[in-house]
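Dear colleague,

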Amino acid sequence: MSIKRSRSISDNLNASKKRKPTNYWALGLLDTMKDPESIVMEDNLVVIIKDKYPKAEYHYLILPKEDISNLKQVDKEHVSLLEHMHQVALDLSKDDSHKHKNFKIGYHAEPSMVRLHLHLISDDMISSCLKTKKHWNSYNSSFFIDSTDICKELAIEGVIKLPTSEVCKQLLNTALKCHKCDFVPKHMPNLKDHLSSHK
Ligand code: AMP
Ligand code: ZN
């Protein structure tokens, strides 16, 4: 009896050693969700916050109040919640303060932060926080998955099939290209200069 118990404790210890620890910065959204300065709107189901490192002129995150870590944890029961997240994002995009702005609404295939979050981002992509190819491709390749597609897939399949880590790596490493024309920049500063021509 006692041997059995000591074995199971050591098994647990080994398992917890193997488990990847969550970096504390990956929990940052949980604090921002409670910060009145960052909250744009909330209701009984969701909170909308300003992205702390916006990658465009307007960049918001819509998070459920329910403790859902990411898209891998959602199932058919969450369809109405994800549809609600989409709707509040759409409503905010149409707010008077965003006149003449186009927005994208979607999820990153492999998010870095804990708590499910939907991005609402204006399509200018003009921001001092947008620095790397990875930043660019995370919004301008299929690494960024349209929220409408996610809602549809969840409603039909009951589960969301996400690209593998290997595919995500390739998507984030795709050669740079302007999202509004055929311009192929040499590097990020070149692309950032070019983006002002679409203003
Ligand atoms: P993702 O790659 O989908 O996990 O995106 C996480 C988003 O959270 C990025 O757009 C970051 O700029 C943003 N972000 C990171 N830390 C914070 C924070 N503490 N508060 C608000 N937004 C954050
Ligand atoms: Zn262009």
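At 16% relative accessibility, H194 falls under the 20% limit and is therefore classed as buried. Please note that the model is a predicted one.

**The zinc site**

The zinc ion (ligand 2) has four protein donors: C178 through SG, C181 through SG, H194 through NE2 and H198 through NE2. Along the sequence, the donor residues follow the spacing C-x2-C-x12-H-x3-H. Distant parts of the chain are linked by the pair C178 and H194, which are 16 residues apart. C178 sits in the loop between α6 (165-172) and α7 (188-195), whereas H194 is in helix α7 itself. C178 is also buried, with a relative accessible area of 2%.

What arrangement do the four donor atoms around the zinc ion (ligand 2) form? The angles they subtend run from 103 to 119°, and the arrangement is tetrahedral because every angle must lie between 85 and 135 degrees for that class. For reference, the ideal angle for four tetrahedral donors is 109.5 degrees.

**A buried aspartate**

D43 is found in the loop between β1 (39-42) and β2 (46-50). The residue is buried yet has no salt bridge. The nearest side chain of opposite charge belongs to K65, at a distance of 5.8 Å; a salt bridge would require a separation within 4 Å. The side chain of D43 does reach the backbone nitrogen of L45, at 2.8 Å. Leaving aside neighbours within four places in sequence, the contacts of D43 are K65, H84 and V88.

**H86 and its surroundings**

H86 lies in helix α3 and, at 17% relative accessibility, counts as buried. Its side chain is joined to that of S147 by a polar contact of 2.7 Å. If residues up to four places away in sequence are not counted, H86 touches I105, L118, S147 and T148.

**Positive phi values**

Phi of H100 is near 65°, and that of R115 is about 85°. H100 is placed in the loop between α3 (79-93) and β4 (103-108), while R115 is in the loop between β4 and β5 (118-122). Is each of these residues buried or exposed? H100 is exposed, with a relative accessible area of 82%, whereas R115 is buried, at 9%.

I126 is located in the loop between β5 and α4 (133-139). With a relative accessible area of 32%, I126 is partly exposed, because this value lies between the limits of 20% and 50%. I126 and K199 are 73 residues apart in sequence, while their C-alpha atoms are 9.1 Å apart in space. Not counting residues up to four places away in sequence, I126 touches K55, A56, E57, L195, S196 and K199.

With kind regards

Key
Residues are numbered from 1 along each chain as its sequence is written. Chains are lettered from A and ligands numbered from 1 in the order in which they are written. This is a predicted model: local features need pLDDT of at least 70, side-chain atom pairs count only at pLDDT 80 or more; totals for chains, interfaces and linings use all residues. Side-chain values use heavy atoms; hydrogens and water are left out. Helices (H or I, at least four residues) and strands (E, at least two) are DSSP runs, numbered from the N terminus. Buried means under 20% relative accessible area, exposed over 50%, partly exposed in between (1.4 Å probe, protein chains only). Lys and Arg count as positive and Asp and Glu as negative; His and the chain ends are not counted. A polar contact is a pair of N or O atoms within 3.5 Å; within protein, one must be able to donate a hydrogen and the other to accept it, and residues adjacent in sequence count only if both atoms are side-chain atoms. Contact means heavy atoms within 4.5 Å. Donors are N, O and S atoms within 2.8 Å of the metal (3.2 Å for Na, K and Ca); water is not among the atoms, so sites may look incomplete. Four donors count as tetrahedral if all angles lie between 85 and 135 degrees; four count as square planar and six as octahedral if opposite donors are over 155 degrees apart and all others between 65 and 115; anything else is irregular.
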